[in-house]
2 protein chains.
Amino acid sequence: MDGESTAPRRRGAERTRELLDVILALAEESGYKGMTIEAVARRAGVGKHTIYRRWSSIAELLLDALSHVWVSDLDYRSDGPVREDLREQFLRSSRALSTPPIGPVYRAVIAEAQSDPAVRDALYNRFLVTVEQRTLERVQRAQRTGELDAEADLQFAAEMLSGTLYYRALLTPRPVDDAAIDGLLDMFMAAYATEP
Amino acid sequence: MDGESTAPRRRGAERTRELLDVILALAEESGYKGMTIEAVARRAGVGKHTIYRRWSSIAELLLDALSHVWVSDLDYRSDGPVREDLREQFLRSSRALSTPPIGPVYRAVIAEAQSDPAVRDALYNRFLVTVEQRTLERVQRAQRTGELDAEADLQFAAEMLSGTLYYRALLTPRPVDDAAIDGLLDMFMAAYATEP
DNA sequence: TTGCATCGACACGGTGCGTGCCGATGCCGG
DNA sequence: CCGGCATCGGCACGCACCGTGTCGATGCAA
């Protein structure tokens, strides 16, 4: 699962970092179709064994690479109104998601996930769940401050907020723009805000 | 785009239908990895040209096959409470989505869509948009009957409803169960229902 | 019956996969 | 300082699938 955390061997760690950089560059230049083990090996001037020694499949490599560029942007530090805070974070991460190389790598992981349940689990547990969780914590904080209805169960609301953004960004050709985020938050606030 | 609607030629149409059946069978048995042009040709006892004559790529074939099994289930005919109607339709289509061969074919299309913008557009225009549209029409009808707030702009609400279900069904390992649908509808109704 | 599109079949070069086997390189312990 | 050894790059293999080309045959339609 983690290519580099297992063993900081001789010159292994440097090579590992190099290979991650190479696949990010390939993602940016040639997209999913260009992201193959052989292409990485060629570009890095490396034998394929050197890659297979670190990752058991292209999917593992992609997941690892994604970890390096998608450091789970959603860190809700602001103490402003919950709506403004959500709006800012959603804008920020959807901007990141549509910026190479994150977008192409994310798409590649999703493609791999469709044919490999293990990748689907990894995608979920290492990325999607984190985003949902951070969002849930933020809106629960807003419940405690009285901004949102204290009785509401916000579990599904958090899933819906991040899920709709992922749906639009990754399954439709539409961009996640201000209007989409505002529309989403309109509904969320209409449902749970204490003050009209 | 449509393999069979263009020309009801000699024995072409029969063959076309045969080939669609074959790829659906492959989807059910071996999943995405087994759905290749060569596998279809082998199974059908057919030259590859016979396939390429009808579809320009495996993605076109998949989209066509999906059309035959996913006849856009969402036909809101009931005149009951909008919430019950939505609930029933969501349950029905998410059950269909998780039933072979629809699920595997849908996953295959999504995988292809990640590397080909044209497939992404086709997936969106031929399937996702339809579901959103039907849902939008149903909730707008509920606006006219007074069940939902007449002032609300339900465009994004419709996207959110179907988007969240697709997100859960296709990008996460979680099933779309009653709890998820009820949670989603709780929020939707809390936001827009006229009667508390 | 003739003409022709479609058919199954086979073969081709190209690419990527995953593995196996080299000889060399450079680090680490003794 | 040197021996031992894991890791290294390079190369080759068999396999699978792609997309195209070229056969001769088959069967519908004029």
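The C-alpha centres of domain 1 of chain A and domain 2 of chain A lie 28 Å apart. In this predicted model, local features need pLDDT of at least 70 and side-chain atom pairs count only at pLDDT 80 or more, whereas totals for chains, interfaces and linings use all residues. Residues are numbered from 1 along each chain as its sequence is written, chains are lettered from A and ligands numbered from 1 in the order in which they are written, and side-chain values use heavy atoms, with hydrogens and water left out.

Domain 1 of chain A covers 12-67 and domain 2 covers 71-192; such bounds come from an automatic or database domain assignment. Across the boundary, twelve residues of domain 1 of chain A are in contact with 16 residues of domain 2, where contact means heavy atoms within 4.5 Å.

Chain A has nine helices and zero strands; helices (H or I, at least four residues) and strands (E, at least two) are DSSP runs, numbered from the N terminus. The C-alpha trace of chain A spans about 65 × 35 × 30 Å along its principal axes. Of the 196 residues of chain A, 55% count as buried; on this scale, buried means under 20% relative accessible area, exposed over 50%, and partly exposed in between, with a 1.4 Å probe and protein chains only. Among contacts in chain A between residues at least 6 apart in sequence, 65% join residues at least 24 apart.

Cis peptide bonds occur in both chains. One joins Pro100(A) to Pro101(A), with omega near 0 degrees, and Pro101(A) is placed in the loop between helix 5 (82-97) and helix 6 (102-115) of chain A. In chain B, a cis bond joins Pro100(B) and Pro101(B), with omega about 0 degrees. The C-alpha atom of Pro100(B) is separated by 9.2 Å from that of Ala25(B), 75 residues apart along the chain. Ala25(B) is in helix 1 (residues 12-30) of chain B and counts as partly exposed because its relative accessibility is 24%.

Aromatic rings of Phe, Tyr and Trp (its six-membered ring) pair if their centres lie within 6.5 Å; planes under 30 degrees apart count as stacked, over 60 as edge-to-face and the rest as tilted. By this rule the count is ten aromatic pairs over all chains. Tyr106(B) and Tyr166(B) form a tilted pair, 5.8 Å centre to centre with 50 degrees between the planes. Tyr106(B) lies in helix 6 (residues 102-115) and Tyr166(B) in helix 8 (residues 155-171) of chain B, so the pair ties together parts that are 60 residues apart in sequence. Both Tyr106(B) and Tyr166(B) are buried. Trp70(A), Tyr106(A), Phe127(A), Tyr166(A) and Tyr167(B) form one aromatic cluster.

The remaining topic is DNA strand D. A residue is near the strand if one of its heavy atoms lies within 4 Å of it. Of the 20 residues around DNA strand D, Arg15(A), Thr50(A), Arg53(A), His49(B) and Tyr52(B) come nearest. Polar contacts, which are pairs of N or O atoms within 3.5 Å, reach phosphate oxygens of DNA strand D from a side-chain atom of Arg54(A) at 3.0 Å, from a backbone atom of Ile37(B) at 3.3 Å, and from a side-chain atom of Tyr52(B) at 2.7 Å. The elements giving two or more residues to this surface are helix 1 (12-30) and helix 3 (48-52) of chain A, together with helix 2 (37-44) and helix 3 (48-52) of chain B.

How values were computed:
Polar contact = N/O pair within 3.5 Å; in protein donor to acceptor, adjacent residues only side chain to side chain.
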